[in-house]
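Dear colleague,

I am handing over the structure below, and after it you will find an account of what was found. Please read the two together.

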Amino acid sequence: MNFRIAMRSLFCGLTMAVLGAIPGASAQEIRALSKGQLLYLPVYSHMLYGNLGKSGKASTVLLSTLVSIRNTDPRKPLRVLSAKYFDTQGKLLGERVPNGAVIPPLGTLELFVELNDASGGSGANFIIKWDAEQPVNPPLVEALHVNMDGGKAVIFMTQSVPIAE
C-alpha cells in the first residue's frame with residue numbers, strides 16, 4: 001500500500017513539474033505598454049481533415065472567420081491603421097480596414113470572412129497595423145473559426161503575434 005501512495009505522489013509531482021514547464025500552463029505576464037505594433041494573425045478559410053482519398057487529397061471543410069481586435073486599455077483609444085488579408089501563397093487579397101478605425105477604450109473592432117469565401121486557403125493570414133497617441137495596453141487580436149453545417153460543429157481560435165516591420 002505504501003508503494004502505491006509513493007508512486008501516486010511521484011506521478012502527481014512529475015505532472016505538476018511538466019505543467020509548470022509549459023509556457024501556456026502558467027499565468028500570463030502583463031504585456032508592456034506600446035504606441036503601436038504590426039501583428040500577424042493566422043486564419044483559415046478552410047481546413048483539411050480525414051484520410052487521403054483515391055485522389056491523394058484530404059477532405060476539406062469551409063470555415064467562416066470572425067477577427068476580433070479588442071482594445072484592452074480601459075482609458076485610451078487606439079487606431080487600427082490597416083488589416084491586410086493574405087492567402088496561403090502570400091498574395092494580398094484585400095484591405096479590410098481601408099480608412100482606418102478608432103477603437104475606444106475596451107471596445108472591439110470585428111472583421112468577418114464569410115463561409116463561402118475560400119480564397120484565403122488553409123494558410124491565410126491578416127497583417128494588422130495599429131498605433132496610439134500614447135502608450136496603451138496592446139490589443140488582444142483573435143480569430144474565431146466556425147462551421148456548423150450538417151449537424152457537426154468545427155470551432156477553434158487563433159491569436160496574433162507581434163512581428164517586426
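**Core, strands and pocket**

The largest nonpolar core has 23 residues, and those with the most contacts inside it are V67, I69, F126 and I128; such a core is a set of buried Ala, Val, Leu, Ile, Met, Phe, Trp, Tyr and Cys residues joined through side-chain atoms within 4.5 Å. Two or more residues of this core come from each of β1, β4, β5 (78–86), β7 (101–103), β8, β9 (125–136) and β10, and β9 gives the most, with 5 residues. Strands here are DSSP runs (E, at least two residues), numbered from the N terminus.

Please note that this is a predicted model, in which local features need pLDDT of at least 70 and side-chain atom pairs count only at pLDDT 80 or more, while totals for chains, interfaces and linings use all residues. Residues are numbered from 1 along each chain as its sequence is written, and side-chain values use heavy atoms, with hydrogens and water left out.

P139, in the loop between β9 and β10, counts as buried because its relative accessibility is 3%, where buried means under 20% relative accessible area (1.4 Å probe, protein chains only). With the same exclusion of residues up to four places away, P139 touches R31, L39, I69, R70, T72, L78 and W130.

Strand β4 (residues 64–70) pairs with β8 in the antiparallel sense over 6 bridges, pairing being assigned if DSSP finds at least two bridges between two strands, and L66 stands opposite F112 in β8. In β8 (residues 108–113), L109, L111 and V113 form the covered face, whereas T108, E110 and F112 form the uncovered one.

The largest pocket holds about 310 Å³ of space, and of its 13 lining residues the closest to its centre are R31, P139, L140, Q159 and S160. On a 1 Å grid over the protein atoms alone, a pocket is an open set of points where a 1.4 Å probe fits, with protein on both sides within 12 Å along at least five of seven lines, and lining residues have an atom within 4 Å of a point. The lining divides into 7 nonpolar, 4 polar and 2 charged residues, and β1 (34–42), β10 (140–147) and β12 (161–163) each supply at least two of its residues.

With kind regards

Key:
Points joined across faces, edges and corners; volume = space filled by probe spheres on them. Helix = DSSP H or I, 4+ residues; strand = E, 2+ residues; numbered from the N terminus. Nonpolar A, V, L, I, M, F, W, Y, C, P; charged D, E, K, R; others polar. Buried < 20%, exposed > 50% of the residue type's maximum accessible area, 1.4 Å probe, protein only. Contact = heavy atoms within 4.5 Å.
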